[in-house]
Amino acid sequence: MATTDVDPGSSQRLDKETRETVVTVVRHAILLTWSFIVLFPLYWLASMSLKPPSEVNALPPDWIFLPTVYNYIQLLQNPDFIAAFANSLIMVSASVVLVLLIGVPAAYVLSRYDVPMERDVLVWILSSRMLPPIAVVLPFFIVYRELNLFDTRIGMILMYVSINLSLVIWVMKAFFDGIPETLEEAARVDGATRFQGFRKVVLPAAKPGIFSVAIISFIFAWIELLFGLVLTSFDAVPVTLFVYSFIGSRSIEWGMLAAASMSMIVPVAIFLVAVNRYLAAGLSFGVVLKE
């Protein structure tokens, strides 16, 4: 009687491939489930913003409905929303530029130079983020009233800078610490000054960090509500405060609230898409330098 020999190696390979397939399927299932959990609130917000006012509060909710842009049209026809949106765009964008102009050079100095009591300086910088905003909003209010900065764009820009400056300095210092000083030394051997080495060698290598802190600073300033609630009244009202106005003491305008919230997401998404290409280029540049 003829017998067939089974290769133990091929059997083990099949078992290994089967296990890898099962692990891959389970991993993808977990990721899809988690993605659904994370993205469902965004879907719910978007669907609510596209529902007509008569269906927003329907119970049970209508999963299938005829979408409408009524809420967005109402927003665009509201001059207060346009003014608040423009205020936030101007103030947040200016604060991001200013915080990078201050924070990036400061982080470079702390990384490359022997600063006396450097650890204490870093802790002092970080201490500006240790207190909750509610603990410092009253001193801000008093100082702003004395300096005539209350309800001004300049005052809000300075406030946003004070919120994000410590974050930018700490994160960028870590990036500069990871860039070899030999790159700057090679540039100086070729005749570059210290500033030219910083501008042409260090900054390109630190692009991932710069764009990362720019994104974080933009988001932190864009969603800030408490300081805008206390430090503004009419001229410099941010869009977050306008969105908050849809929450009344007796009722909530859910459709308008959802549409305004979705409108707030648009600038952040555009900013992320705009800097993503430069962020990827900076990451690739850093890998080449490291090799």
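This is a predicted model: local features need pLDDT of at least 70, side-chain atom pairs count only at pLDDT 80 or more; totals for chains, interfaces and linings use all residues.

Student: Why is H7 called roughly antiparallel to H10?

Tutor: The axes of helix H7 (residues 153–177) and helix H10 (residues 207–222) cross at roughly 160° and come within 10 Å. Angles over 145 degrees count as roughly antiparallel, and H7 is therefore roughly antiparallel to H10. The crossing is right-handed.

Student: What makes the residues of H7 and H10 a contact?

Tutor: Contact means heavy atoms within 4.5 Å. Among the residues that make this contact are Tyr160, Leu167 and Phe175 of H7 and Ile210, Val213 and Phe220 of H10.

Student: Which classes of residue make up the contact of H7 with H10?

Tutor: There are 12 nonpolar, 3 polar and no charged residues. Ala, Val, Leu, Ile, Met, Phe, Trp, Tyr, Cys and Pro count as nonpolar, Asp, Glu, Lys and Arg as charged, and the others, Gly among them, as polar.

Student: How do H4 and H10 cross?

Tutor: The axes of helix H4 (residues 79–112) and H10 come within 9 Å and cross at roughly 145°, in a right-handed sense. Residues including Phe85, Val92 and Leu100 in H4 meet residues including Ala214, Phe218 and Trp222 in H10. This contact divides into 12 nonpolar, 4 polar and no charged residues.

Student: What lines the largest pocket?

Tutor: The largest pocket is lined by 14 residues, of which Ser128, Arg129, Pro133, Ile163 and Phe227 lie nearest its centre. H6 gives the most to this lining, with 3 residues. By class, the lining has 9 nonpolar, 3 polar and 2 charged residues.

Definitions and conventions. Residues are numbered from 1 along each chain as its sequence is written. Side-chain values use heavy atoms; hydrogens and water are left out. Axes are lines fitted to C-alpha atoms, for helices over the stretch in contact, and angles run from 0 to 180 degrees between N-to-C directions. Helices (H or I, at least four residues) and strands (E, at least two) are DSSP runs, numbered from the N terminus. Angles under 35 degrees count as roughly parallel, over 145 as roughly antiparallel, 65 to 115 as roughly perpendicular and the rest as oblique. A crossing is left-handed if the near helix is turned anticlockwise from the far one by less than a right angle, and right-handed if clockwise. On a 1 Å grid over the protein atoms alone, a cavity is a set of points where a 1.4 Å probe fits but cannot get out, and a pocket is an open set with protein on both sides within 12 Å along at least five of seven lines; lining residues have an atom within 4 Å of a point.
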